[in-house]
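This briefing is for a reader who is new to the structure. Please look through the sequence and the model shown here before reading the notes that follow.

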Amino acid sequence: MSINQEKFKEMLKEKGLKVTNQRLVVLKVLAEYKDRHMTAEEIYDLVRNEFRDIGIATVYRTVQLLLEMKLIDRIELNDGCVRYEIGHQFFCDTKHYHHHLICKECGKVISFDDDLLEDLEKHIEETLGFCVLDHELKLYGKCKDCIEKEKNVRKHIE
């Protein structure tokens, strides 16, 4: 996924913020590794490849700024870590169609972009008068790799 750096620069300037190489590279790293759901420390490790002098505090401040600008999303996958991913609403016009499948065996996180909850949201609005603006969906189970490993283990035991 490529990011529109000019649009990002304009957004920073509109908010009265400086356009810095550090901010640009953090956003670029998140876009390049969009399927990785990274912690701030993992982002820092990747950013240091381009900016050896950058500090972890700068990465934390930049991540916070990007969150406030709604350019990245914060997710918690019940592993004790706060993770970040590029904000899909910044790059596409969809509402909230980005969800996560979490393997309970190996911990793999698989993103999927589909929203089958539209009928439920419509029902909630019609019956309760509550307008759902956003939601976060996490489904826990076993990934196909772990299922396949389990089948192979059973074959060897039998």
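Isoleucine 72 is found in strand 1, which covers residues 72–76. The model is a predicted one. At 2% relative accessibility, isoleucine 72 counts as buried because buried means under 20%.

- Leaving aside neighbours within four places in sequence, isoleucine 72 is in contact with Leu27, Leu30, Val63, Leu66, Leu67, Tyr84, Glu85, Ile86 and Gly87.
- Isoleucine 72 and arginine 52 are 20 residues apart in sequence, and their C-alpha atoms are 23 Å apart in space.
- The largest nonpolar core has 27 residues, and those with the most contacts inside it are Phe8, Leu30, Ile43, Val63, Leu66, Ile72 and Tyr84.
- At least two residues of this core come from each of helix 1 (5–14), helix 2 (21–32), helix 3 (40–47), helix 4 (56–68) and strand 2 (82–86).
- Helix 2 gives the largest share of this core, seven residues.
- Valine 63 touches Val26, Ile43, Ile72 and Tyr84, not counting residues up to four places away in sequence.

**Histidine 37**

- Histidine 37 is found in the loop between helix 2 and helix 3.
- Histidine 37 has a positive phi of about 45 degrees, although it is not a glycine.
- Most residues other than glycine have a negative phi.
- With a relative accessibility of 3%, histidine 37 counts as buried.

**Histidine 100**

- Histidine 100 lies in strand 3, which is made up of residues 98–103.
- Its relative accessibility is 2%, so histidine 100 counts as buried.

**Serine 111**

- Serine 111 is found in strand 4, residues 109–113.
- Serine 111 counts as partly exposed because its relative accessibility is 22%.
- Leaving aside neighbours within four places in sequence, the contacts of serine 111 are His37, Glu85, His98, His99 and His100.
- Serine 111 and glutamate 85 are 26 residues apart in sequence and 11 Å apart in space, C-alpha to C-alpha.

**The second largest pocket**

- The second largest pocket has a volume of about 160 Å³.
- This pocket is lined by Arg36, His37, Glu42, Leu77, Asn78, Asp79, Arg83, Ile102, Cys103, Gly107, Val109 and Tyr140.
- The residues of its lining divide into five nonpolar, three polar and four charged.
- Histidine 37, described above for its positive phi, is one of the lining residues.

**Cysteines**

- The structure holds zero disulfides.
- Cysteine 81 is in no disulfide, and the nearest cysteine sulfur, that of cysteine 106, is 16 Å away.
- At 30% relative accessibility, cysteine 81 counts as partly exposed.
- Cysteine 103 is in no disulfide either, and the nearest cysteine sulfur, that of cysteine 146, is 3.6 Å away.
- Cysteine 103 counts as buried, with a relative accessibility of 5%.
- Cysteine 103 is also among the residues that line the second largest pocket.

**Glutamine 64**

- Glutamine 64 lies in helix 4.
- Glutamine 64 is partly exposed, with a relative accessible area of 40%.
- The C-alpha atoms of glutamine 64 and arginine 74 are separated by 9.6 Å, and the two residues are ten apart along the chain.

Note on methods: Residues numbered from 1 in each chain as written. Predicted model: local features only at pLDDT ≥ 70, side-chain atom pairs only at ≥ 80, totals over all residues. Heavy atoms only, no water. 1 Å grid on protein atoms, 1.4 Å probe; cavity = no way out; pocket = protein on both sides within 12 Å on 5 of 7 lines; lining within 4 Å. Points joined across faces, edges and corners; volume = space filled by probe spheres on them. Nonpolar A, V, L, I, M, F, W, Y, C, P; charged D, E, K, R; others polar. Core = buried A, V, L, I, M, F, W, Y, C linked by side-chain atoms within 4.5 Å. Buried < 20%, exposed > 50% of the residue type's maximum accessible area, 1.4 Å probe, protein only. Helix = DSSP H or I, 4+ residues; strand = E, 2+ residues; numbered from the N terminus. Contact = heavy atoms within 4.5 Å. Disulfide = S-S within 2.5 Å.
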